[in-house]
Amino acid sequence: MTPPAQPRTVTVVGAGTIGLGWIALFLGHGLRVRVNSRRPEAPRIVQDALDLFAPFLPEGTEDPASFAERLEFEPDVERAVADADVVVENAPENLELKQELFARIGKAARPDALLLSSTSTLNPDDMGALMADSARLVVGHPFNPPHVVPLVEVVAGERTSPEAVREAVAFFESVSRVPVVLRKPVLAFAANRLQSALLRESIHLVKEGVVSLEELDRVVTHSIGLRWATVGPFLAFHLGGGTGGLRKWLGTLGSGLEKGWELLGRPTLDEATIQSLIEQAEQVYGGSSYEELVRERDTRQTAVLKALAEVGDRQS
């Protein structure tokens with residue numbers, strides 16, 4: 001009888017917000033996870049995160065009671081990546097730091113290891129500039145929280161091998177993510193650019209007193225958020241054109257789009273604006289702990305995902 005294959009080993013470099021989400025997701029899918037963090041309190045931080053995140057992992061994942069036997073910690077980055085199948089880097093968004101880190105990882109990791117970065121802004125070629133060979137370095141940018149939100153933007157550099165991109169896509173699919181390979185590199189990638197555009201107008205509307213911060217959140221969750229959780233913006237307006245589809249919509253209501261864009265705000269994040277936003281957020285949400293807000297967020301988001309799975313998510 002052939003013994004069962006051992007779980008693949010994934011080294012997660014960094015135990016911040018994104019790294020913790022990845023750790024929970026990977027353990028939930030039966031992988032062996034090695035955490036690279038120099039913080040002495042890393043085991044406690046990871047365990048607290050697992051307790052918080054485990055109830056919201058995708059359907060069919062492993063029993064959290066089995067996580068401990070597949071979880072280990074190694075503060076030395078070279079030892080942490082030495083025999084890993086996959087390395088997922090989550091260091092702060094600092095190019096020099098990531099360059100130095102990947103130079104070390106590139107020397108210590110197996111030549112066939114898949115090297116992934118959760119960066120939200122940086123190009124693989126830039127991060128791998130100090131590596132002898134950065135062909136296996138791929139961006140796998142998640143949308144926070146990575147253990148719940150399925151999207152991962154996969155970004156290659158000019159030196160990235162097509163095989164590494166295919167492996168990255170397969171890896172993320174194996175842990176229930178929805179990878180989208182960007183056809184060309186663009187600063188901040190796609191999802192964050194969309195988020196930033198909406199956030200800019202949100203700040204403008206709050207700053208101008210059109211709505212409060214709390215009301216703005218309600219406007220989004222009860223309109224755009226609901227719509228975009230089920231269909232994307234192009235399909236939404238394709239349906240908005242009735243039987244004539246996007247052709248009709250762009251030919252009628254769409255004709256005023258450019259004039260509408262000219263009316264969008266360009267708020268400045270001066271000290272007064274920042275302080276106002278912070279005060280409103282703390283007044284509205286400060287009565288709940290971080291853990292309480294995370295549980296509420298993840299409960300709602302997993303409920304949406306379950307509902308979409310039941311009817312069949314055409315966007316997956």
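Q: Is Thr-302 buried, partly exposed or exposed?
A: Buried means under 20% relative accessible area, exposed over 50%, and partly exposed in between, with a 1.4 Å probe and protein chains only. Thr-302 has a relative accessible area of 12%, so Thr-302 is buried. This is a predicted model, in which local features need pLDDT of at least 70 and side-chain atom pairs count only at pLDDT 80 or more, while totals for chains, interfaces and linings use all residues. Residues are numbered from 1 along each chain as its sequence is written, and side-chain values use heavy atoms, with hydrogens and water left out.

Q: Where does Thr-302 lie, and which residues does Thr-302 touch beyond those up to four places away in sequence?
A: Helices (H or I, at least four residues) and strands (E, at least two) are DSSP runs, numbered from the N terminus. Contact means heavy atoms within 4.5 Å. Thr-302 is placed in helix H14. Not counting residues up to four places away in sequence, Thr-302 touches Phe-56 and Val-148.

Q: How do the axes of helix H1 and helix H2 cross?
A: Axes are lines fitted to C-alpha atoms, for helices over the stretch in contact, and angles run from 0 to 180 degrees between N-to-C directions. A crossing is left-handed if the near helix is turned anticlockwise from the far one by less than a right angle, and right-handed if clockwise. Here the axes of H1 (residues 17-28) and H2 (residues 42-53) come within 9 Å and cross at roughly 65°. The crossing of H1 with H2 is right-handed.

Q: Which residues in H1 and H2 meet?
A: From H1 there are Leu-20, Gly-21, Ile-23, Ala-24 and Leu-27, and they meet Ile-45, Val-46, Ala-49, Leu-50 and Phe-53 in H2. For classes, Ala, Val, Leu, Ile, Met, Phe, Trp, Tyr, Cys and Pro count as nonpolar, Asp, Glu, Lys and Arg as charged, and the others, Gly among them, as polar. The contact of H1 with H2 has nine nonpolar residues, one polar and no charged.

Q: How many cavities of 30 Å³ or more are there?
A: On a 1 Å grid over the protein atoms alone, a cavity is a set of points where a 1.4 Å probe fits but cannot get out, and a pocket is an open set with protein on both sides within 12 Å along at least five of seven lines; lining residues have an atom within 4 Å of a point. Grid points are joined across faces, edges and corners, and a volume is the space filled by probe spheres set on the points. The count is one cavity of 30 Å³ or more. The volume of the largest cavity is about 40 Å³.

Q: Which residues line the largest cavity?
A: The lining consists of Thr-17, Gly-21, Phe-53, Asn-144, Pro-145, Pro-146, His-147, Tyr-290 and Arg-297. H1 and H14 (290-311) each supply at least two of the lining residues. By class, four are nonpolar, four polar and one charged.

Q: What kind of peptide bond joins Asn-144 and Pro-145?
A: The bond is cis, with omega about 0°. Pro-145 sits in the loop between strand E6 (137-142) and strand E7 (151-155).

Q: What is the volume of the second largest pocket, and what lines that pocket?
A: The second largest pocket holds about 420 Å³ of space. Its lining has 18 residues, with Val-13, Asn-36, Arg-38, Ala-91 and Leu-101 nearest its centre. Helix H4 (residues 95-108) gives the most to this lining, with four residues. The classes are eight nonpolar, five polar and five charged.

Q: What is phi of Ser-176, and what is phi of Ala-188?
A: Ser-176 has a positive phi near 65° in a residue other than glycine. Ser-176 belongs to the loop between helix H6 (162-174) and strand E8 (178-181). With 34% relative accessibility, Ser-176 counts as partly exposed. Phi of Ala-188 is also positive, near 70°, and Ala-188 lies in the loop between E8 and helix H7 (191-207).

Q: Which residues does Arg-193 contact beyond its neighbours within four places in sequence?
A: With those neighbours left aside, Arg-193 is in contact with Val-186, Leu-187 and Ala-188. Arg-193 lies in H7 and is partly exposed, at a relative accessible area of 45%.
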